[in-house]
Each structure stands twice: as structure tokens, then as C-alpha cells.
Amino acid sequence: MSDSFQDALAGLAAIIGDKHVFASGPDQEPYVVDWRGRYHGRAVAVVKPGSTAEVASVVKCCADRRLAIVPQGGNTGMCGAATPDDGPGNVVVRLDRMRAVRDISALANTITVEAGCILAEVQNAARSVDRYFPLSLGAEGSCQIGGNISTNAGGTAVLRYGPTRDLVLGLEVVLPDGRVFNGLRALRKDNTGYALKQLFIGAEGTLGIITAAVLKLFAPPRSSALALLKLQGVGQALDILQRLRGAVGDRLGSLEIMSRPQIEAIAATVPHVAIPFELTTPWYLIVELTDTLAGIDLDEPLATVLAEAMEAGLAEDVILASNLAQAKAIWAVRHSVSEGNKRSGYVVSHDSVVPLERQAAFVTNVEARIKAAVPHANVVMHGHIGDGNIHVIALIDRARCQDPAATSALVAEINEIVDDETAAQGGAISAEHGIGITNRGRLARVTDPLDIDLMRDIKRLLDPNGLMNPGKIFAARGVRQ
């Protein structure tokens, strides 16, 4: 290790203590590889500061030495956005030690948490004051709220509550030069100039490190009803969505769809998850209604709408969950899609979002085009049907992916098909997973050059030396390069 890196390690240790600096060896390994094992980088150090002041000092130390700073949450992302590259001067910054709930107000319906809080911990803290934090996704037991904000995570409650961006009132952020942006305000109305916090939501750590956030809370659901529908096509799901919105309004909390091959992949590879229904149709739709009033019978209005849908030929069968255990069993299938896909082969994943009116055409066209081009691909799909976000995944036998060059060419071919069809339907290539490393070339290919120029201008303004999470969203540039 060079003298300059030794100096950096000494400086970092002086700030946060030796035991919170991992310079090499097996202790560092989990932090330099992404969740899928797709990207493996290098780091001078992995550091775990314990306060915002320590984060600021760590960033200042790195900036002074022109070391790249890679913020990392729970490392559960899908696009390699939290993985260092293989350059010689990376410092991975983890906020595992910053897990405090700084404030919670049942009156204001807000919670102020540090960025290292696990999502499930935020949910539990809200429950402790009889409130509800609606962000929910498969990795909620390990992902961190700072990472959720940095990627503008979606999840299964977007239909009613919106993505993470809609749940954030204020942020505290350490900027690339070590200054601290204190926008940690719990104000519902604030029209004092530019909404600066919005710059950092979904920026994937390229503009700063989120250290704390004020989040919105809601009254908890006290009544619910859930059903699983068996469908022939996505068009039927959209017709059912329209009927539900007209009949139950905002009580429609979640509308999740899975293709039969998607569920079959889970059944074959995730033994602890049982499939509590027979697979007899091409598509399966989860419908959940919720209400904040206790004792409300939601089974009756849900059953009425679904019975009418059956009579109209929109569904082949309906399973109305009769108890909480049955509802949890159905949700367990939905929350196992990432695990099942990872175990099923080499995953070529997509996060397209298209207008609702074009969702059925998108699904039909993209599946046909992938199968025509890559007949051996197993095309599976799942998504949040009510917000236009369908995940198209091509699962490839790993035996066919031994040659990196050939695999890269295959992935590029599939990506181009999906991206072109997404654009043809008026959509965008990422709804909730972000760009990271995986999608930066795709973003450059399909995005208006002016959009890229504006993003680069913002990046240069806040991070003129290109040190903050370089190589994510767009190809790295700046002094470091």
C-alpha cells in the first residue's frame, strides 16, 4: 500500500477509531461486491462513522486526498450503485452505526431517523406510536433507509402512498466537500426557493451522503382484505384496476402482478416459500384493500367487484384470503421474486415503466421479441400493475454464461429489445431500481442528451472533482479520472 493510502488510513482511524476502519482482508469483502455478485471492486478502506460530524470529517479527509467516496446502505440494490469500481483509491462509507430514531411525532405524523436505520426498524418505530410508514419491499429486513432514499425505492405500496420521494419531508446530507446541508425540516409546506432536498433523492449517492431524514407517517391500516386472481392477460388486470378505483377509491392499497413462469421459478428454487394456489393461468394478480378504521368489512366490497369481474370474463378464478395467515402466504410469494430469480440463473433484469394504457401491449411485445431473439431465455415478469411498472426478467442458464464477452453481448441484445419497446410505448427504463453501473449505458442510449447534460452540470457544481460515487448513473469523469 502506498504512503498516501497509509496516510489516509491513519487520518480515517483518527476520526472514527481503528476498529471502524477495515483496510483489507475478509472483513472488507462483503462491502466491495454487490448483492448479485455481478460487480467486484477495490477499496482502500471500508469505514463506519458513528455520527454526521464523523461522516463530514471522513468525507473531508477523502476529498483532501482525492479519494473516491462510495456511500453504501444495506447493499441490497439491483444495479451496482453501491459497489466501488476497481480503481485504486476508493473509500466505502457505511452508516451501520447511525441507526437512531432522533424524533417521532404522532401529532405531526413524522419520524426523524438516521440513514443507517433498517427499513423494518423505521416501520416498527412508527407502530410504537400507532402510526404507519408505508414503504415496503422484499429487502426491508436488511436495506437501510438512506439507501432507499438515495435510490427513490418503490415497493408494493406505491399505488396508494407514492415512491420514497413522496414520503420524505426533509434531509440532512454531507456534501462532497464535507459541508453539511441541513434540510432536516418537518414542514409540510415550505416554499422558500428551490427544493434542494429533491436533488439527493434518487441521486444514488453521486451528490452527497444522506445522513438523516424526516419521513411522513400515516394512520395505520386497521382493516384489510386480500384476494388472488387468476388471469389470462395483463389487459384484464387493467380493466379490474379501473373497476376497483371506481368502487373503492383510495382503499385500493396494492395491486401486484406475477406471470406464471415467475411463480414457477420461485417454486423451484425457494423451498421455504410454499405456493398456496394452483398454477392454472398465465397471470396472477394480488389485490389488497385497506382502511384506517377498525372493524370495516372490506371483504364484501372486494368480493362484489371481483364477482362482477368474473361475470365479465376478466378473471378465471378468485381466491379471497380468509385469514391473515393466508394473506401472508400469498405476499410471501410476491416478496420472493428477487431471491427466486437470483437462484434460477443468470438474471437480465429490467425496471421499465410505461403508461397504463400501453402496459398490456408492452408486455406482449417485449416477451415475443425476447423469445424470438433468444429462444433459450426464460422470460418472467412481475410488477406493480397500477403504477405502470413491470419488471421484465430474462433468466439464462448459467452454463451459457461462462464466456464474459458472449454474455455481455447477449445482455446488450436483450436490453436493447426491452429499451426500444419501452421507448416505443412512451416509457422510461427505470421506475424504482435506479441506474448505478448496470444501466448507465442504457440511460445514455435512450435519454435526451440535454437531460444528461443538465445532470452532469449539477454533478460538476456539487462535486467538481468527481469523487462522490464515480461511475454511477453516467461514466465517470473529473479530476480523479
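Is serine 259 buried or exposed? At 5% relative accessibility, serine 259 counts as buried. Buried means under 20% relative accessible area, exposed over 50%, and partly exposed in between, with a 1.4 Å probe and protein chains only.

The model is predicted, so local features need pLDDT of at least 70 and side-chain atom pairs count only at pLDDT 80 or more, while totals for chains, interfaces and linings use all residues. Residues are numbered from 1 along each chain as its sequence is written, and side-chain values use heavy atoms, with hydrogens and water left out.

**View 1. Serine 259 in strand E11.**
Strand E11 covers residues 252-259, and serine 259 lies in it. Helices (H or I, at least four residues) and strands (E, at least two) are DSSP runs, numbered from the N terminus. Serine 259 touches Pro282, Trp283, Val380 and Met381, when residues up to four places away in sequence are not counted. Contact means heavy atoms within 4.5 Å.

Helix H2 runs over residues 52-64 and has 13 residues. From its first C-alpha to its last it reaches 18 Å, close to the 18 Å expected at 1.5 Å a residue. The expected span of a helix is 1.5 Å times one less than its number of residues. The buried residues of H2 are Thr52, Val55, Ala56, Val58, Val59, Cys61, Cys62 and Ala63. Alanine 53 also lies in helix H2, but alanine 53 is exposed, with a relative accessible area of 54%. The C-alpha atoms of alanine 53 and asparagine 124 are separated by 27 Å, and the two residues are 71 apart along the chain. Arginine 66, which follows H2, has a positive phi near 55°.

A disulfide is a pair of cysteine sulfur atoms within 2.5 Å. By this rule the count comes to zero disulfides. For cysteine 61, which is in no disulfide, the nearest cysteine sulfur is that of cysteine 62, 5.5 Å away. Cysteine 61 is buried, with a relative accessible area of 6%. Cysteine 117 is in no disulfide either, and the nearest cysteine sulfur, that of cysteine 143, is 11 Å away. Cysteine 117 is buried, with a relative accessible area of 2%.

**View 2. The packing of helices H8 and H11.**
Helix H8 (residues 260-269) and helix H11 (residues 337-344) pack at an angle of about 75°, and their axes are 8 Å apart. That makes H8 roughly perpendicular to H11. Axes are lines fitted to C-alpha atoms, for helices over the stretch in contact, and angles run from 0 to 180 degrees between N-to-C directions. Angles under 35 degrees count as roughly parallel, over 145 as roughly antiparallel, 65 to 115 as roughly perpendicular and the rest as oblique. On the H8 side are Gln262, Ala265, Ile266 and Thr269, which meet Val337, Gly340, Asn341, Arg343 and Ser344 in H11. By class, this contact has three nonpolar, five polar and one charged residues. Here Ala, Val, Leu, Ile, Met, Phe, Trp, Tyr, Cys and Pro count as nonpolar, Asp, Glu, Lys and Arg as charged, and the others, Gly among them, as polar.

**View 3. Two asparagines with positive phi.**
Asparagine 75 sits in the loop between strand E3 (68-72) and strand E4 (90-94). Its phi is near 60°, a positive value in a residue other than glycine. At 15% relative accessibility, asparagine 75 counts as buried. Asparagine 109 is in the loop between strand E5 (101-105) and strand E6 (110-114). Although asparagine 109 is not a glycine, it has a positive phi of about 55°.

**View 4. Leucine 410 in helix H13.**
Helix H13 spans residues 404-424 and holds leucine 410, which counts as buried at 14% relative accessibility. Leucine 410 touches Val374, His376 and Ile396, not counting residues up to four places away in sequence. The C-alpha atoms of leucine 410 and alanine 373 are separated by 9.7 Å, with the residues 37 apart along the chain.

**View 5. Alanine 294 in a loop.**
Alanine 294 is found in the loop between strand E12 (283-291) and helix H9 (299-311). Alanine 294 is exposed, with a relative accessible area of 58%. Leaving aside neighbours within four places in sequence, alanine 294 is in contact with Arg222 and Ser223.
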